[in-house]
Amino acid sequence: MGVLTATDLNFLVFRYLQESGYEAGIHKGGIDGNAVPPGALITIVQKGLQYIELEANTEENDEEIEKDFALLEPLEIITKDVEELQQLVKKRKRERSQTDREKDRGKEKDRNEEHERRPGGERERDRHDKEKEQVREKDKSEKDRDHEKEKEKEKEKEKQHTERIDKVKHEEDSLPGGGPTPMDVSVTAQEISSTDVTVLEGHSSEVFACAWSPTGSLLASGSGDSTARIWTIPDGPCGSSMQSSPPGVHVLKHFKGRTNEKSKDVTTLDWNGEGTLLATGSYDGQARIWSRDGELKQTLFKHKGPIFSLKWNKKGDFLLSGSVDKTAIVWDTKTWECKQQFEFHSAPTLDVDWRNNNSFATCSTDNMIYVCKIGEQRPVKAFSGHESEVNAIKWDPTGSFLASCSDDSTAKIWSMKQDKCLFDFKEHTKEIYTIRWSPTGPGTNNPNQQLLLASASFDSTIKLWEVDQGRLLYSLAGHRQPVYSVAFSPDGEYLASGSLDQCLHIWSVKEGRILKTYRGTGGIFEVCWNKEGSKIAACFSNNTVCVMDFRM
């Protein structure tokens with residue numbers, strides 16, 4: 001259903017006070033204010049709207065109540081009677097295409113088959129990206145996107161992708177505890193002006209994934225509109241006033257003909273090491289290989305469910321994909337044939353990550369992590385310990401440690417030398433959507449800096465962990481809604497984060513504070529740095545990609 005915003009509710013309360021003459025006699029009512037839970041008003045109003053929608057969607061003799069309540073907007077519900085709403089619902093149902101209805105039914109079937117669990121971010125994520133969504137509450141979005149449902153479960157197991165979110169609570173009366181007092185960003189951080197940001201427009205649905213080419217000024221983005229795009233970003237300063245001409249773009253269509261086939265939403269993408277090829281994964285279960293000029297080079301068929309993760313190995317001779325069909329596939333990039341399919345998980349595979357050129361790890365909604373090696377018919381290692389689905393896994397820069405994060409609110413670090421985790425980080429209070437290692441420590445370009453792990457959670461915080469001793473270094477509390485993405489700068493000195501609260505923050509890793517912030521107009525699903533660390537890109541739920549300069 002449409003989201004009732006704080007602005008809507010404030011106006012309704014204001015109108016009520018106007019009509020009642022402000023003299024409501026509240027102090028005479030004898031109500032114990034301590035007994036009223038925080039956010040009670042918006043919860044009650046939202047429940048009321050849901051009930052009216054339910055009534056409007058139910059007709060006499062209906063055997064099945066329409067489950068898609070995204071057909072009505074809150075103000076329509078408030079201003080129209082049930083009969084008018086029923087007519088609106090009928091009209092909008094007729095307008096929905098047969099393709100969309102088939103997709104909805106197919107995705108519902110997928111979710112039921114996967115024990116009603118949705119994979120994750122994207123999220124994507126939906127891991128968009130995953131379309132594990134218990135999250136991705138899209139700002140005033142009317143779409144109940146599958147990507148999102150699958151990644152934010154809210155413990156009701158209502159999940160779904162496309163790159164993966166459940167809907168987030170509308171009003172948070174306080175930020176999560178356990179960390180420093182949230183900073184007043186407007187006072188402590190430098191605001192990045194919208195005039196200094198290049199806004200890339202063209203997608204017609206949420207943008208779940210973005211990635212810079214490792215060798216040039218190309219930026220790839222993947223969206224729920226069934227396309228990926230490759231943008232050419234000029235070397236000069238970002239900002240509308242600085243650009244003499246709009247950035248060039250190649251549109252990578254994941255459908256044929258004029259019809260935008262919604263089942264082909266782009267859930268994940270990854271460049272090869274040379275920056276010559278872009279791999280995209282789609283909800284239709286196909287992986288596609290594109291040239292940097294947007295030419296479709298290859299389509300890889302074998303998965304029987306949406307692909308949520310896709311990674312090239314460093315050498316570039318293998319491509320790894322993970323799917324809702326519970327399997328992972330290694331593709332030979334010389335012949336584009338399936339080198340080996342790994343069928344170890346008992347539920348959807350949410351993330352994959354290479355350890356080296358021949359071995360990798362996979363994680364799943366079955367709570368398990370497997371380390372696999374090409375040519376081996378069984379996992380070389382199985383890590384169990386998470387109590388809920390594992391959203392993301394990442395090897396550290398040297399392949400010595402594997403980090404994982406889960407809906408059980410923990411992040412863990414594993415070693416091939418033992419079965420139990422080395423460290424079990426339990427300081428988060430809600431699901432952890434993503435993790436990232438810093439590009440620091442022995443064997444990296446920044447060998448004199450300590451190795452850190454960043455974890456981003458639905459509890460609105462980011463935590464930085466010092467791995468040598470397994471201790472919490474900083475709890476970064478600057479966001480006010482779930483954090484979907486974090487990314488270290490190439491020199492390891494800064495951390496960018498993006499949240500559903502529409503804010504991109506840039507933190508000092510050394511000081512644990514916000515240095516700069518940009519407030520967009522949509523929830524942020526992913527952030528990424530270019531190879532020089534001079535530009536940051538972020539993709540949004542309002543169909544845009546933003547690029548900004550970074551200089552200190």
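How many disulfides does the structure hold? The count is zero, where a disulfide is taken as a pair of cysteine sulfur atoms within 2.5 Å. The structure is a predicted model, in which local features need pLDDT of at least 70 and side-chain atom pairs count only at pLDDT 80 or more, while totals for chains, interfaces and linings use all residues. Residues are numbered from 1 along each chain as its sequence is written, and side-chain values use heavy atoms, with hydrogens and water left out.

The secondary structure of the protein amounts to seven helices and 33 strands; these elements are DSSP runs numbered from the N terminus, helices being H or I with at least four residues and strands being E with at least two. Of the 552 residues, 56% count as buried, a class defined by a relative accessible area under 20%, with exposed meaning over 50% and partly exposed lying in between (1.4 Å probe, protein chains only). The protein exposes about 24,100 Å², of which carbon and sulfur atoms supply 48%; accessible areas come from the Shrake-Rupley method with a 1.4 Å probe, and for residues only the protein chains shown count as cover.

Cys 503 counts as buried because its relative accessibility is 3%. Cys 546 is likewise buried, at a relative accessible area of 4%, and its sulfur lies 9.8 Å from the closest cysteine sulfur, that of Cys 539, which is too far for a bond.

In soluble globular proteins, nonpolar side chains tend to be buried together. A nonpolar core is here a set of buried Ala, Val, Leu, Ile, Met, Phe, Trp, Tyr and Cys residues joined through side-chain atoms within 4.5 Å. The largest such core has 19 residues, among which Leu 200, Trp 212, Leu 219, Ile 233 and Val 547 touch the most other members. Two or more residues are given to this core by each of strand 3 (207–212), strand 31 (524–529), strand 32 (535–540) and strand 33 (545–549), and strand 3 gives the most, with four residues. When residues up to four places away in sequence are not counted, the contacts of Trp 212 (heavy atoms within 4.5 Å) include Leu 219, Ile 233, Trp 271, Cys 528, Trp 529, Ile 536, Ala 537 and Val 547.

An open sheet of four strands has the order 19-20-21-22 with antiparallel pairing, where two strands pair if DSSP finds at least two bridges between them. Strand 19 (390–395) and strand 22 (423–425) are the edge strands, each pairing on one side only, and the twist averages 20° from one strand to the next, with axes taken as lines fitted to C-alpha atoms (for helices over the stretch in contact) and angles running from 0 to 180 degrees between N-to-C directions. Strand 19 is joined to strand 20 (residues 401–406) by five bridges in the antiparallel sense, and Lys 394 has Ala 403 in strand 20 as its bridge partner. The hairpin of these two strands has five residues between the strands, and Gly 399 takes a positive phi near 75° there. Six of the six residues of strand 19 are buried, so this strand is largely enclosed by the rest of the structure.

Strand 17 (residues 369–373) is also mostly covered, four of its five residues being buried. Strand 17 runs antiparallel to strand 16 (residues 359–364), to which five bridges join it, with Phe 360 opposite Cys 372.

Most residues other than glycine have a negative phi, and most peptide bonds are trans. Asn 367, in the turn of the hairpin that strand 16 and strand 17 form with four residues between them, has a positive phi of about 75° although it is not a glycine. Asn 367 is partly exposed, with a relative accessible area of 22%. Asn 543 has a positive phi of about 80° although it is not a glycine, and this residue lies in the loop between strand 32 and strand 33.
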